[in-house]
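Please read it beside the sequence and the coordinates.

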Amino acid sequence: MADELRGIRVAILAADGVERVELEQPRRALQDAGATTELLSLHDGEIQARDHDLEAAGTFPVDALVKSASIADYDGLLLPGGTVNPDQLRMDSAAVAFVRDFMNAGKPVASICHGPWTLIEAGVAQGRTLTSYPSIRTDLRNAGANVVDEEVARDGNLVTSRSPDDLPAFCAAIVELFSRAAQATGVGGGS
């Protein structure tokens, strides 16, 4: 359904070093379902994207600064990965607070690959079932998460995936997650 997310605003929180496909493909899936997306970051202008963390992969224009953003303005949150991106986000107090507030409000959050590092820093991984890129699974376990090795892990308002290989399943799961949340709150055009 092309309109199931009509009226839904999704914040995409990313910084320099974001894995291009992990921002691009989920954003396209959300927009194709009718959502409006806004890229929030730590600085204005553009953020640098990467392919496989190492190769330059162009830029994305930043729509707004996370330090000026309010969770009240968004219905969902997407945290793409790449190694450098979430490492920068977890060092920024405004980004960490934004993620924490989103999770504590029970709003839908989707994260892929290394993206869950920010969930750890926000103190919201404990007791949650999630997945991630293999190299950060020990970090997640140490933060009290129940880690599974599945292409998509669903836990209430949270959906996570392991890597770009999981993008088809991840994209379908986040459209479903945001659609269910929209229906529960009466926001959006889905039925």
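**Notes on the model**

1. The mean positions of the 16 positive and 28 negative charges of the protein lie 4 Å apart; here Lys and Arg count as positive and Asp and Glu as negative, with His and the chain ends not counted, and each charge is placed at NZ of Lys, CZ of Arg, CG of Asp or CD of Glu.

2. On provenance, this is a predicted model, in which local features need pLDDT of at least 70 and side-chain atom pairs count only at pLDDT 80 or more, whereas totals for chains, interfaces and linings use all residues. Residues are numbered from 1 along each chain as its sequence is written, and side-chain values use heavy atoms, with hydrogens and water left out.

3. The protein has six helices and twelve strands, these being DSSP runs numbered from the N terminus (helices H or I, at least four residues; strands E, at least two). Its radius of gyration is 15 Å, close to the 16 Å that the globule rule gives for 191 residues, so the protein is as compact as a globular protein of that length; the radius is taken over C-alpha atoms, and the rule is 2.2 Å times the number of residues to the power 0.38. Along the principal axes, the C-alpha trace spans about 40 × 35 × 30 Å.

4. Buried residues make up 49% of the 191 residues, where buried means under 20% relative accessible area, exposed over 50%, and partly exposed in between (1.4 Å probe, protein chains only). Of the contacts (heavy atoms within 4.5 Å) between residues at least 6 apart in sequence, 68% join residues at least 24 apart.

5. For helix 6 (residues 167–185), the 19 residues at 1.5 Å a residue should span 27 Å, and the end C-alpha atoms are 27 Å apart, which agrees; the expected span is 1.5 Å times one less than the number of residues. Its buried residues include Leu 167, Phe 170, Ile 174 and Phe 178, and among the elements covering the buried residues of this helix are strand 1 (9–13), helix 1 (20–32) and strand 8 (109–112). Just after helix 6, Gly 186 takes a positive phi of about 75 degrees.

6. Two single residues deserve a look. Thr 118, in helix 4 (residues 116–121), is buried with a relative accessible area of 1%, and, leaving aside neighbours within four places in sequence, is in contact with Pro 86, Leu 89, Arg 90 and Val 99.
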